[in-house]
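I opened my notebook to follow a few side chains through a protein model. Here is what I looked up, entry by entry.

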Amino acid sequence: MSRPPFLTLPACASAYRLATARGEFAVHDARPGPASPRRGTVLLVPGFTGSKEDFIALLEPLAAAGYRAVAVDGRGQHETPGPRDEAAYAQGELARDVLAQAAALTAEDGRPGIHLLGHSLGGLITRAAVLADASPFRSLTVMSSGAGSISATQQARTRELIQALAVLDMESVWREMQRRDAENAAADGKAPGLADFLHRRWTTTVPEQLMATGRQLIEEPDRTAELAAVPLPKHVISGVLDYAWPVPRITEMAKELSAHRTIVSGAGHSPNAERPAETAEALVGFWRTTDPEPGAGRAEAWRA
């Protein structure tokens, strides 16, 4: 579970509901100031148990670099409602939501080419979106996400969570998670209001969304070869350690994709929240290699 370092939106950002052909989605939308060059738009897709707030520390530095940064709650996540039906959260449905969000942003901007980023589970969803239709996107960044299913240890924990969600209400599951995970419970107090936010985010997320996406994390096949065939600049970024996918395997996936690779020093599963300045710098550096500007090159391929 990602823990934002703070919860107050920067002055450059606003919260609203983005209207799309597939419904409205709660977003945080940060825009460059009038003095900043407009380089493009970034769509940020959160992970399992996550939300748009996981990217809050990236919004200001990305906007300052000239990028409109839009972080979204997926259907059934936090402030975006969703039905009590697991079928609504099939990966294909979530991928079509991403495509609809990209289409809405492209229509607003009046310019094609969205930089797409998915964190953790969001990496699997954004991969599915690109495999379905890569044309709306200028690049794909996969953050702290692997080639297929999560590690065996995390699979076991996720199965336990799915079983609990099937018989208990969200509040009861939350209390059990807090009781069993004292270390994370203690960490909830790092930012003002964080403990209350994490509890509220959990209880407002639709349990069927968690059950369906949890199964995706357990069952996801390796689609690296399919993604490698898509002619889109790719970036694979992670922390030094990752509990969900082993970092060496993430690095191997990056090689197979001929992707730009970034390992953020001092970060774990959520470099966006744990080392936002370094993460923003790496993202901007990659995106600028793909922007259609004089003298700009294509995405940098694998480098050791």
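**Entry 1: arginine 261**

I began with arginine 261, which sits in strand E8 (residues 260–264). Helices (H or I, at least four residues) and strands (E, at least two) are DSSP runs, numbered from the N terminus. Before going on, I noted that this is a predicted model, where local features need pLDDT of at least 70 and side-chain atom pairs count only at pLDDT 80 or more, while totals for chains, interfaces and linings use all residues. I also noted that residues are numbered from 1 along each chain as its sequence is written, and that side-chain values use heavy atoms, with hydrogens and water left out.

Which side chain of opposite charge is nearest to arginine 261? I found aspartate 242, 8.3 Å away. Here Lys and Arg count as positive and Asp and Glu as negative; His and the chain ends are not counted. Arginine 261 is buried yet has no salt bridge. Buried means under 20% relative accessible area, exposed over 50%, and partly exposed in between (1.4 Å probe, protein chains only). A salt bridge needs a side-chain nitrogen of Lys or Arg within 4 Å of a carboxyl oxygen of Asp or Glu.

I then looked for polar contacts (a pair of N or O atoms within 3.5 Å; within protein, one must be able to donate a hydrogen and the other to accept it, and residues adjacent in sequence count only if both atoms are side-chain atoms). The side chain of arginine 261 makes one with the side chain of serine 238, at 3.0 Å, and one with the side chain of threonine 251, at 3.0 Å.

**Entry 2: arginine 249**

I moved to arginine 249 in helix H10 (residues 247–257). Is arginine 249 buried, exposed or partly exposed? Arginine 249 counts as partly exposed because its relative accessibility is 25%.

**Entry 3: aromatic pairs**

How many aromatic pairs does the structure hold? I counted two. Rings of Phe, Tyr and Trp (its six-membered ring) pair if their centres lie within 6.5 Å; planes under 30 degrees apart count as stacked, over 60 as edge-to-face and the rest as tilted.

Tyrosine 67 and tryptophan 287 form a tilted pair, 5.4 Å centre to centre with 55 degrees between the planes. Tyrosine 67 is in strand E4 (residues 67–72) and tryptophan 287 in helix H12 (residues 276–290), so the pair ties together parts 220 residues apart in sequence.

Tryptophan 174 and tryptophan 202 form a tilted pair too, 6.3 Å centre to centre with 40 degrees between the planes.
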